[in-house]
Amino acid sequence: MTTTAEAFGLFGREPAFRALADAVDVGGYAVVSGDPGLGKTSLLRAAGQFADRTGRRLLSITPTDFDRGLPFAGLAELLAQCPPGASEELPGPQRRALAVALQQDDPDGAEVDPLAVPLALRTLLTSLCRQGRVALVLDDIQWLDHATAGCLSFALRRITVTPERLTVLIGTRPEGLLSDVVRTLPGEASEVRLTPLAEPAISQMLRRHFGEAWTHAVSNALARASGGNPLLALMIGHAMQSDLSRWSWSAHEGHDPVFPVPPSLVEILGEKVSLLPDDAKEVLLLVSAAGRLSLGQLERLVDRPQLAAALDAAADWDVAHVDAGSRVSFTHPMLASAIYDSATPAQRRSAHRLLAESLEDTVERARHRARTLISPDHEIARELQLAAEVSERRGAQQLAGDLFEAAARATPQQAPPAARFALWLRAVDTYVVAGATDAARSALENAATLAEDEERQAEVILRQVELMDGMPGARALTERGLALAPEGSEVHNALTSLLAALHRFAGDGEEALRSVCAAVDEARNGASPAALFRSLNTQMSVERHWGSGDAERTHKEIEELLASSRHAISESLVAWTHALYAPWHDPTADDRARSAIRQAVEGGRYGDLTQLYVALVIHLVRASRIADARAALDEADQVGAWAPSSFQEQIARANVSAYSGDLDLARQVAQDAATRARAVHSTYWLSAFLAKIGFVENSASEWQAGLVALREIADIFDNTQMVDLEQDLWAVDYADAALQVGALEDVERAVDLLRRQGASGRPEASVAADRCQALLTAARGGVDDALHQLARIVALDGIESPFEAARSRLALGQVYRRAGYKGMATETLAAAAEQFEQIGTPRWSERARADAGRVGLRPSAVGLTATEQRVAELVAKGRSNQEVAAELFISVKTVEANLTRIYRKLAVRSRTALAAHLRSNPGSE
């Protein structure tokens, strides 16, 4: 469908309109930015009309400055445009969360999971996109309420539809370009920056609006006076329209007219609303103060005659109108601000007081009550606190934090400091849940001024550490908090556990173990079972990472705790622990994690999903179930499991991508995460991602690049004395890369690291050490010894995971080739390639096949396998079955089975006949 900007009444905006129309045509994202009055709203409205005419489902949100304090105001506007019954298709927890958020259902005291509403929005948008193409228009994003902005950021970042199905058009002032909604768009957005219109475009617009009586001279003069701002030009034009001849005379003499009002947009808007009757301004002040009011709500606030007269005047002056949803809407969002700004403080307080006494919703009443506040008031503070708790239960966490903060500010100075301190802390904690860290830090500064005793000071320090971006200084600050916190108190235990975690992530195993043992002892003496479980969990992590303490005993204590108090401990936390630490062959880890995921989804506890899915994915990769791991990762993406910017998501994604062969993605994810881990000084996470980088580079046969990363992690392990990293056998990759470049001292170092890991309770690491040692032996000339050792490893069953077993077979094939056993090398490498293929690791299958291709053995003309060929050759030379078995590192029974197949294939019945056949058919050798 071909159209132009002028067809929609836009002048001088053809390139901008074309950019938006192109986004509508093919799907994608476009952001329109510009100063007030430059025409963002008109451009987006035209693009929306174009989308509607071309068959897209149009969904739009047009917030005003006063919507920012209304929880889910934008979401309510968007959902009102969805088909009837659309939300009925949502999963139960999401449907209920949406109903609670939109005040259609009572929270019943249960807090809505913060992820439930964003997930519901994503599910709805996904469903609509699958039914047809959707255009989502978001105007004035800088005024969007926090709750809706958070939902949209999450939903758009995680939506899984083909690009052409969804178009998102966003309008914002320049400062809004930094908003989360814009920053988290999943694809690259076309950016359209509006600049002032040229004089001809302004002139054309004015003549279209006001008729041919406007001469080019007057129109151009007004264009200059307005600075190319179309809204300002129209406002001046409206003021001049009553008697155009007054303003034309001076233009004829070569001068610009003297315009009726100052050419400033704010002043023009103020002049425009000042011309309204007082009764109309009084009604419209209520609308602007509320953000949104329906006719029904206004009828309860204003006499009908006054309301009717006010709405008529608003329509006559083109200030406001009643929209299709029976709500009073301003013709331009800035007019709402102009109405509010033109009122006196007393008039504003009066409007808010009337709204507080008349509106039904607890949160809205409290918001307006706060605007009437002149001095602190205990009753208003209490009302604000109750409203904050309601907002928490609805899932509007940012607004809840704002309301807790307002309650703290409204509390009189005479109130007990402990009560005011508690309110500020609730604001901090609520902001943290909402992801509003800057607001949390600001609120914490206010709380700190009320921390008169040492325990409260320790509470402040606990949160200061939790809000820190990186490790430097965190441990010292935590220790300072511990010195203040009374021993045995809840905050002392929390700080002790936090210090242990900080030591662990920084790579200080000795201090981590000391702190966590103290936390466990303290938790045993009165803390909740859940707190003890978490402390024991951390203790087991430290013991496994450093091979210190007694991890098995700690694990046994955890099991005993679960048996005695299971009802008090989150099943999600239990399942996460089990899957993360289970050996690769544990058949229960998968089932328990999936069961906990189902329970979390059914119960609407979406915040539990990140840790459950990362544990599930890591376990499946560890068990060489790569296809299952990819399916779990896809499922996690679909349900929106990942917390924003989480290392957990990155480690899961890097693992799955690396093993399944998407090396470019795996490399990028791991490198980005490693860079971030360096920035926050997390030795633990840096080690984890260096290990992934090493594996990726080895998979790509980029040995030197892999060796750089793996040497760095080896240095970390030597410096920290860590021995294990969530069962990852990264030192195998270290040895592999070193062997490929001839760095044999590095291979020795890798073997030592694997021995240390094996001694910590990882038998598969000991087997891997033997394999790497055998390869090192072969590299130094001890091929026969290496073959004996590798044949023994390949014959093992159940110790190595399928992937590591395939690597052992690959190593055996490589040494067979070095020894000159072409037949055995070809067969072994082909078997390794097939194993890798079955596991779902194509890059490793390619590597094994490439090695097999370098053997140079001609295929047998009579259909013998490589092993059968080699057995036949040795038997034909007079070797006994025992001698053949010893030479080929196989059992006598295997030799006998091969001979049976050889006789059948060659139609011979004896060893003598076999020798004769091979002499007369040299092509089969």
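**Notebook: loops, rings and helix contacts**

I started with H681, which counts as partly exposed because its relative accessibility is 46%. For burial I used a 1.4 Å probe and protein chains only, with buried meaning under 20% relative accessible area, exposed over 50%, and partly exposed in between. The model is predicted, so I kept local features to pLDDT of at least 70 and side-chain atom pairs to pLDDT 80 or more, while totals for chains, interfaces and linings use all residues. Residues are numbered from 1 along each chain as its sequence is written, and side-chain values use heavy atoms, with hydrogens and water left out.

**Entry 1: positive phi**

Where does H681 sit? I found H681 in the loop between helix 34 (663–679) and helix 35. (Helices are DSSP runs of H or I with at least four residues, strands are E runs of at least two, and both are numbered from the N terminus.) The phi of H681 is positive, near 60 degrees, and the residue is not a glycine.

E726 is another non-glycine with a positive phi, about 50 degrees. I placed E726 in the loop between helix 36 (703–720) and helix 37 (730–741). Is E726 buried or exposed? With 12% relative accessibility, E726 counts as buried.

**Entry 2: aromatic pairs**

How many aromatic pairs are there in the whole structure? My search gave 17.

F505 belongs to helix 25 (residues 490–506) and Y684 to helix 35 (residues 683–699), so the pair ties together parts 179 residues apart in sequence. F505 counts as partly exposed at 22% relative accessibility, whereas Y684 counts as buried at 7%. Ring pairs join F505, F647, Y684, W685 and F689 into a cluster.

R504 lies over the face of Y684, 4.8 Å from the ring centre. (For this, NZ of Lys or CZ of Arg must be within 6 Å of the ring centre and within 35 degrees of the ring normal.) Elsewhere, the charged end of R456 sits over the ring of F421, 5.9 Å from its centre.

**Entry 3: helix 44 and helix 47**

The axes of helix 44 (residues 866–876) and helix 47 (residues 911–920) come within 9 Å and cross at roughly 105 degrees. (Axes are lines fitted to C-alpha atoms, for helices over the stretch in contact, and angles run from 0 to 180 degrees between N-to-C directions.) These two helices are therefore roughly perpendicular. (Under 35 degrees is roughly parallel, over 145 roughly antiparallel, 65 to 115 roughly perpendicular, the rest oblique.) Which residues make the contact? I listed A872, E873, V875 and A876 from helix 44, and R911, L914, A915 and L918 from helix 47. (Contact means heavy atoms within 4.5 Å.)

Methods. Phe/Tyr/Trp six-rings, centres within 6.5 Å; stacked < 30°, edge-to-face > 60°.
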